[in-house]
Amino acid sequence: MTWRARVLPGKARRKPRILRPLQSRKRWQGNPRRRPRPHIATAGEEAADRARREFVMQRRTREQRDRDHRRERRMRAVAFASVSVLVLGAAGFLLFQAFWKPNLPRMAGNVIDISADMGGFTRKEVRVKAGQPVTVRLRSLDNSHHTDGGGKHQWAVDELDVNIIAPPLGSSSATFTADRPGTYTFYCDICCGGRANPTMSGRLVVTG
Ligand SMILES: [Cu+2]
């Protein structure tokens with residue numbers, strides 16, 4: 001196909017106008033007879049142009065949509081992953097806090113360790129010898145978020161004037177000597193119903 005054929009209107013099989021390269025003005029300079037006449041597109045060419053433009057637009061739209069979908073999926077995956085990491089990390093931290101109890105340092109003397117939480121004391125009965133000093137160390141396994149008592153627990157024996165209050169997740173101790181043999185009641189009056197709660201009390205047996 002020659003250059004001249006391209007500018008002639010109405011030729012069959014001509015490519016749509018938008019595909020034709022820019023016409024060079026040099027070809028007809030100095031020769032007015034060869035000056036190209038403006039091209040009038042035929043109805044078929046117009047339709048082909050429109051169809052092609054539409055096709056390109058549709059393809060672009062489709063590609064854009066696919067790109068958007070891919071990006072959205074990627075962002076959703078990233079968001080899900082980060083939320084998962086956060087939740088798992090928080091859960092792990094809470095579990096670690098809940099189950100990891102460091103051992104208390106050793107104490108000199110006759111020491112009895114008792115732990116307490118909302119479920120009660122770890123020991124329901126404590127036996128001591130009369131006339132011998134004994135140290136009771138009470139440990140609270142509850143944290144300060146407990147609305148009932150704020151995580152504090154108590155180990156008190158009224159007859160012996162012993163009153164130990166352990167702070168949340170902490171410990172406190174007292175040393176006393178029981179002179180008279182007998183069975184006494186120790187209790188916590190801070191949490192969940194106090195003395196009336198049977199799980200928050202126990203027996204201190206003083207043997208002769
Ligand atoms: Cu208690």
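D161 is exposed, at 74% relative accessibility. The model described here is predicted.

**Copper site**
- Four residues coordinate the copper ion, namely H153 (ND1), C188 (SG), C191 (SG) and M200 (SD), at 2.1 to 2.4 Å.
- Along the chain, these donors follow the spacing H-x34-C-x2-C-x8-M.
- H153 belongs to strand β5 and C191 to the loop between β8 and β9, so this pair ties together parts that are 38 residues apart in sequence.
- H153 is buried, with a relative accessible area of 0%, and C191 is buried as well, at 1%.
- The angles among the four donor atoms run from 77 to 126°. A tetrahedral site would need all angles between 85 and 135 degrees, and the site of the copper ion is irregular.

**Nonpolar core**
- The largest nonpolar core contains 25 residues, and F121, W155 and L204 have the most contacts inside it.
- Strands β1 (111–117), β3 (125–129), β4 (133–140), β5, β6, β8 (182–187) and β9 (201–207) each supply at least two residues of this core.
- Beyond its neighbours within four places in sequence, F121 is in contact with residues including W155, C188 and M200.

**Loop residues with positive phi**
- Most residues other than glycine have a negative phi.
- D161, although not a glycine, has a positive phi of about 60°; D161 is found in the loop between β5 (153–157) and β6 (162–166).
- L169 is likewise not a glycine and has a positive phi of about 60°; L169 is placed in the loop between β6 and β7 (171–177).

Technical notes: Residues numbered from 1 in each chain as written. Predicted model: local features only at pLDDT ≥ 70, side-chain atom pairs only at ≥ 80, totals over all residues. Heavy atoms only, no water. Helix = DSSP H or I, 4+ residues; strand = E, 2+ residues; numbered from the N terminus. Buried < 20%, exposed > 50% of the residue type's maximum accessible area, 1.4 Å probe, protein only. Core = buried A, V, L, I, M, F, W, Y, C linked by side-chain atoms within 4.5 Å. Contact = heavy atoms within 4.5 Å. Donors = N, O, S within 2.8 Å, 3.2 Å for Na, K, Ca; no water. Tetrahedral: all angles 85-135°; square planar, octahedral: opposite > 155°, others 65-115°.
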